[in-house]
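Me: Please show the sequence and the structure, so that I may ask about them in turn.

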Amino acid sequence: MGRPMKARPRLLVLPLAALLLAAALPAAPLTVGFSQIGAESGWRTANTESIKSEAAKRGITLRFSDAQQKQENQIKALRSFIAQGVDVIAFSPVVETGWEPVLREIKQAGIPVILTDRSVAVSDPSLYASFIGSDFVEEGRRAGRWLAQRTGGKAVIAELVGTPGSAPAIDRKKGFEEILAANPGMRIVRSQSGDFTRAKGKEVMEAFLKSPDGRNLTALFAHNDDMALGAIQAIEEAGLRPGKDILIVSIDGVRGAFTAMAAGRLNCTVECNPLIGPQLFDLAAAAAAGRPVPHRVPVAEGVYDESQAAAALPSRRY
Ligand code: AHR
């Protein structure tokens, strides 16, 4: 009869000691698995830097994986994050489709997912907790509106498209074409992917200039600044003046674009802000603690043209 009497106080004391110990210890640092697309552009480099430096500042353990532009590498990384038992998984999907199976595996493992920069096309929105990123359709519209205003609605346009199948390539084209639909004097005569890289942007622009439409082009819409900067080189090598003979509007707002605008070689850049590390880790901390997070977190952005470039250049952070 004496045994149960002895055992009871121990049962009470142990949880109490555990509670006191837990309160005295600092909370375990958050572990976040992040799969980045690669390093294709100045924008991407700034985005990676924002995420890595913010994680370091907050003492978050970041498992970072670079997919080198391949969806299969991203899927492998996501599966390895599940195996490692990270608290939160975040990734910037290289293309929109093909994510459902791995997202279901992550959901089954009970790990919240935060999409950054680019979203996914899935039938079940509960497969991710939140998406933080720009409105790419609106960016395309902003580029189109700027060009329509600058040209009075008359332009023969070449388009350098981003990575095929990626959200920014699909959405920026869509937004830009919405504006063209309302401006019948503006038409795209050449359109091809430059994969968001400077080298490919140059190569494709060279081909555009050599095509039968080459000498008629009056404008270029590049889905990012890196491709525009490559195209500028190609235009100059063809003996034309970028920014004058061919007006150029692109997207991102990287420092190189501002330098080109200040030199009159690029006319407009629509901002796409890569510095989303702080917002990402606010969301990650909330999701890991089981608190509700908004399913869509937009990023605030502006539009800059040549007249603002020199003044804005010193304060550009990427
Ligand atoms: O997803 C954002 C886009 O990806 C940026 O506009 C581009 O520069 C990058 O590579």
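This is a predicted model: local features need pLDDT of at least 70, side-chain atom pairs count only at pLDDT 80 or more; totals for chains, interfaces and linings use all residues.

Reply: Residues are numbered from 1 along each chain as its sequence is written, and side-chain values use heavy atoms, with hydrogens and water left out.

Me: How many helices and strands does the secondary structure of the chain come to?
Reply: Helices (H or I, at least four residues) and strands (E, at least two) are DSSP runs, numbered from the N terminus. The C-alpha trace of the chain spans about 100 × 40 × 30 Å along its principal axes. The secondary structure comes to eleven helices and twelve strands.

Me: What percentage of the residues in the chain is buried?
Reply: Buried means under 20% relative accessible area, exposed means over 50%, and partly exposed lies in between (1.4 Å probe, protein chains only). The chain has 318 residues, and the buried share of them is 51%.

Me: Which strands stand at the edges of the open sheet with parallel pairing?
Reply: Two strands pair if DSSP finds at least two bridges between them. This sheet has six strands in the order E2-E1-E3-E4-E5-E11. Each edge strand pairs on one side only, and these strands are E2 (61-66) and E11 (296-298).

Me: Which residue in E5 stands opposite Ile114?
Reply: Strand E4 covers residues 113-116 and strand E5 covers residues 130-133. The two pair in the parallel sense over three bridges. Opposite Ile114 stands Ser130.

Me: Which strands stand at the edges of the open sheet with mixed pairing?
Reply: The order of its six strands is E7-E6-E8-E9-E10-E12. Each edge strand has a single partner strand, so one side of it is left without a neighbour in the sheet; the two are E7 and E12 (303-305).

Me: What is the bridge partner of Thr269 in E12?
Reply: Strand E10 covers residues 268-271, and Thr269 is among its buried residues. Three bridges join E10 to E12, and these strands run antiparallel. On another strand, E9 (residues 247-252), which pairs with E10 in the parallel sense over four bridges, Ser250 stands opposite Thr269. In E12, the partner of Thr269 is Tyr304.

Me: Why does the distance between the end C-alpha atoms of helix H7 agree with its number of residues?
Reply: The expected span of a helix is 1.5 Å times one less than its number of residues. Helix H7 (residues 198-210) has 13 residues, so it should span 18 Å. The distance between its end C-alpha atoms agrees with this, at 19 Å.

Me: Which helix do the buried residues of H7 pack against?
Reply: The buried residues of H7 are Gly201, Lys202, Val204, Met205, Phe208 and Leu209. Contact means heavy atoms within 4.5 Å. These residues pack against strands E6 (155-161), E7 (186-193) and E8 (219-222), and against helix H8 (225-237).

Me: Which residue has a side-chain N or O atom 2.6 Å from an oxygen atom of the ligand?
Reply: Among the residues that surround the ligand are Arg172, Asn224 and Asp252. An oxygen atom of the ligand is 2.8 Å from an N or O atom in the side chain of Arg172, and an oxygen atom of the ligand is 2.9 Å from such an atom of Asn224. The distance of 2.6 Å belongs to Asp252.

Me: Is Thr116 buried or exposed?
Reply: Thr116 is found in strand E4. Leaving aside neighbours within four places in sequence, its contacts include Phe34, Phe91, Ile132 and Leu280. Because its relative accessibility is 0%, Thr116 counts as buried.

Me: Is Glu237 buried or exposed?
Reply: Glu237 has its place in helix H8. Leaving aside neighbours within four places in sequence, Glu237 is in contact with Lys202 and Glu206. The C-alpha atoms of Glu237 and Glu206 are separated by 8.8 Å, although these residues are 31 residues apart along the chain. With a relative accessible area of 54%, Glu237 is exposed.

Terms used: A residue is near a molecule or strand if one of its heavy atoms lies within 4 Å of it. A polar contact is a pair of N or O atoms within 3.5 Å; within protein, one must be able to donate a hydrogen and the other to accept it, and residues adjacent in sequence count only if both atoms are side-chain atoms.
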